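Please keep the sequence and the structure in view while reading.

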Amino acid sequence: MTLQTETTTPVSTTAAPTTPRGADSYTGLLEHVRYEGAYPTRERAEQTVRSVLAALGRQLVGDERVELAARLPFEAALVLTAQIPATTPLTGWEFVKDLAQRTGGSLATTRWDVGAVLAPLSRLAGPDLTDRILRQLPSGYALLFGKAELHPPRRTTRSGRTPSAS
């Protein structure tokens with residue numbers, strides 16, 4: 001009698017998540033962030049998610065805050081909504097500096113962490129909600145969300161010069 005064994009191909013744990021909506025669960029969100037940020041462990045990804053969502057929760061208000069929370073996995077929504085919004089919103093750069101100060105990280109690492117969380121968050125939110133969030137926040141957040149920050153074209157005269165303020 002010969003015993004036959006079935007051979008299986010190992011699955012890579014570093015492969016990119018297949019669908020942008022694969023983060024419907026908290027574990028899925030953590031795996032997306034772990035991949036985006038190239039974090040060695042899920043625990044490191046979770047620490048980053050919690051700190052960035054808490055910081056974002058201090059910046060968002062109104063319908064955008066409520067709608068984003070509704071689209072997030074429950075655990076992530078709790079972190080976002082547990083924060084009291086700041087009275088004065090921070091620009092994107094100030095957001096990164098404030099988070100670096102709170103977490104004790106360098107500016108470069110914190111910028112990396114913010115992008116690793118907000119890019120998948122943008123996919124979860126969808127383009128319409130992300131655009132509304134970006135319109136609510138001061139300048140500098142679009143790149144953090146993985147989008148280009150486009151400004152309306154400057155008004156010029158027919159000669160091509162910018163009109164002077166009188």
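## Basis

The structure is a predicted model.

## Helix 1 against helix 2

Helix 1 spans residues 26–37 and helix 2 spans residues 42–57; their axes come within 9 Å and cross at roughly 100 degrees. Helix 1 is therefore roughly perpendicular to helix 2, since angles of 65 to 115 degrees count as such.

On the helix 1 side, the contact is made by Tyr26, Thr27, Leu29, Leu30, Glu31, Val33 and Arg34. Helix 2 contributes Arg42, Ala45, Glu46, Val49 and Arg50. Sorted by class, this contact has 6 nonpolar, 1 polar and 5 charged residues.

Helix 3 covers residues 62–71, and its buried residues are Glu64, Arg65, Leu68 and Ala69. These four lie on the same side of helix 3, because they cover an arc of only 130 degrees around the axis. Residues three or four places apart in an α-helix point the same way, because there are 3.6 residues a turn.

The buried residues of helix 3 pack against helix 2, helix 4 (74–81), helix 6 (107–125) and helix 7 (127–136). Asp63, Val66 and Ala70, on the other side of helix 3, are exposed.

## Salt bridges around Glu67

The structure holds 9 salt bridges. In one of them, the side chains of Glu67 and Arg71 meet with an N to O distance of 2.6 Å. Glu67 and Arg71 are 4 residues apart in helix 3, so about one helical turn separates them. Glu67 is partly exposed, at 24% relative accessible area, and Arg71 is also partly exposed, at 34%.

Glu67 forms a salt bridge with Arg132 as well, with the closest N and O atoms 2.8 Å apart. Arg132 lies in helix 7 and Glu67 in helix 3, so this pair ties together parts that are 65 residues apart in sequence. Arg132 has a relative accessible area of 25% and is partly exposed. Glu64, Glu67, Arg71 and Arg132 are linked in a network of salt bridges; of these, Glu64 is one of the buried residues of helix 3.

Asp131 is in helix 7 and Lys147 in the segment after helix 7, 16 residues apart, and the pair links distant parts of the chain. Both residues are partly exposed: Lys147 has a relative accessible area of 26%, and Asp131 has one of 29%.

Note on methods:
Residues are numbered from 1 along each chain as its sequence is written. This is a predicted model: local features need pLDDT of at least 70, side-chain atom pairs count only at pLDDT 80 or more; totals for chains, interfaces and linings use all residues. Side-chain values use heavy atoms; hydrogens and water are left out. Axes are lines fitted to C-alpha atoms, for helices over the stretch in contact, and angles run from 0 to 180 degrees between N-to-C directions. Helices (H or I, at least four residues) and strands (E, at least two) are DSSP runs, numbered from the N terminus. Angles under 35 degrees count as roughly parallel, over 145 as roughly antiparallel, 65 to 115 as roughly perpendicular and the rest as oblique. Contact means heavy atoms within 4.5 Å. Ala, Val, Leu, Ile, Met, Phe, Trp, Tyr, Cys and Pro count as nonpolar, Asp, Glu, Lys and Arg as charged, and the others, Gly among them, as polar. Buried means under 20% relative accessible area, exposed over 50%, partly exposed in between (1.4 Å probe, protein chains only). The arc is that of the directions from the helix axis to the C-beta atoms. A salt bridge is a side-chain nitrogen of Lys or Arg within 4 Å of a carboxyl oxygen of Asp or Glu.
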